Amino acid sequence: RVLSAEEKNPAENSFNAALRPQSLSECIGQENVREKLRIAVEAANKRDEPLEHILFYGPPGLGKTTFANIIAREMNAAIRVTSGPALAKQGDIMGLLSNVNTGDIVFIDEIHRLNSAVEEFIYPAMEDFKVDFTVDSGLHAKTINFPLKRFTLIGATTRAGLLSSPLRSRFGMLYHLEYYKVEELAEIVSRSADMLGLKGSDEAIRLIAARSRRTPRIANRLLKRVRDYAQVKGTGELTTEIVNKSLEMERIDSCGLDRLDRSFLRSLISVYGGGPAGIEALAATLGEERDTLEDVVEPYLLQEGFLRRTKRGREATPFAYSHLGISPQAPNNQ
Ligand code: ADP
C-alpha cells in the first residue's frame, strides 16, 4: 500500500491504534458492512465455526484494518497481521499458516501485492485448509502435504480489481468500504477529541470533518495537527479560527484537497489542456508513483466530481477549473 510519510511513522501508527474503535458498535458509518458483519459473526459464533474468508476493499484509511481487528475481537480469536509484500517466499506463508490455531484470523494487508508463487500456495490453504510444500529441488524434490487448522483469512486491498480472479473467488464475503459522510466524520472527530481530552465547538469539529477527504484516518490526522496548533497558538480549545488557520498551514483547502490533489488537477489542466491524459503520463509529470495516484488521489477526485475517467484517459471537470480558479479558455494563465 502506498503510505504517506506520516503513516510510516510509528508515532502516527500508535496514535491511530489508540483511536481505533474496539467493537462494531463503536464504529461509525459503514452501516451496511457493519450489519452484514454483525450477522456473519453472530451466526459463526452460534455454530461455533470459524468465519468464512473476508475481503475488504476501498481507499486507504477507511477502516479495513480496524474491521479486521474488531472481527477477531468479536470472534474471540487471535489475529496474525502481515502484508502482501512481507510474504515474499512460500516459506514465509508456510511459517505463518502452520502456526495458526482453529478460528484464528490471518490478516493480509495489501493482498494484491502477493507474488504469484505465494498466491498459488494460498489457494489450497483457503479452500481445503492444507498446503503442499515442496522441499529440496531437482531429483530430491518432495512434496509434503501439510494439513492446517481451520482459520479465517481477511484480506485488504485498495481495489478489488487488483486481485487475480482465482484469489478473489476464494473469499466468501467481499465488502467495499466507501467514503464517509461528513456527518459521520464529525462524529469520529468528536469521539477522538473526547478520547484525547480536547474541547472544541461543534462548528470547529465539523470544519475538520469537512476537510478530511471523507476518510477517518485523515480526520484523526488533521485533529492532531489542529490540537498542536491550538496548544501553541491558542488556549488548547478547538475554535473555527484555530481550525481554519492550522488547516491553511497544512495547505488543506475548503474542499479538503491537499497539495498533491491540487497538483494533479493543475497538471492535468495546464500540461494536458484538461485531458484526456493517461495515468502514466500524469505520474511522470508529477514525479509520483502511479499507484499513489490511482489508489489515493483519483478515487476522491472522482467521487467529488473534480475528475472524469473516460476510455481515452482522465479529464478535468468544469468544477475542477472553477475550484482552482482557472478559466477553461485559458488554461495556461493560472
Ligand atoms: P485502512 O486499513 O482501511 O487503511 P484503518 O483501519 O487503519 O484503515 O483506519 C484508519 C483509522 O481510522 C483507524 O485508526 C481508526 O482510528 C479510524 N477509523 C477507521 N474506521 C473507523 C470507523 N468506522 N469509525 C471510527 N473510526 C474509524
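The ligand shell holds 20 residues, and the closest are Gly63, Lys64, Thr65, Thr66 and Pro216. A shell residue has its C-beta atom, placed from the backbone, within 6 Å of the molecule. By class, the shell has 9 nonpolar, 8 polar and 3 charged residues. Ala, Val, Leu, Ile, Met, Phe, Trp, Tyr, Cys and Pro count as nonpolar; Asp, Glu, Lys and Arg count as charged; the others, Gly among them, count as polar.

This is a predicted model: local features need pLDDT of at least 70, side-chain atom pairs count only at pLDDT 80 or more, and totals for chains, interfaces and linings use all residues. Residues are numbered from 1 along each chain as its sequence is written.

Helices are DSSP runs (H or I, at least four residues) and strands are E runs of at least two, numbered from the N terminus.

In α9 (residues 202-210), the buried residues are Ala204, Ile205, Leu207, Ile208 and Ala209. Buried means 20 or more other C-beta atoms within 10 Å of the residue's own.

Strands β8 (residues 307-310) and β9 (residues 313-316) pair antiparallel over 4 bridges. Pairing requires at least two DSSP bridges. The two strands form a hairpin with 2 residues between them. Threonine 310 stands opposite glycine 313 in β9.

How values were computed
A residue is buried if 20 or more other C-beta atoms lie within 10 Å of its own, exposed if 12 or fewer, and partly exposed in between; C-beta atoms are placed from the backbone.
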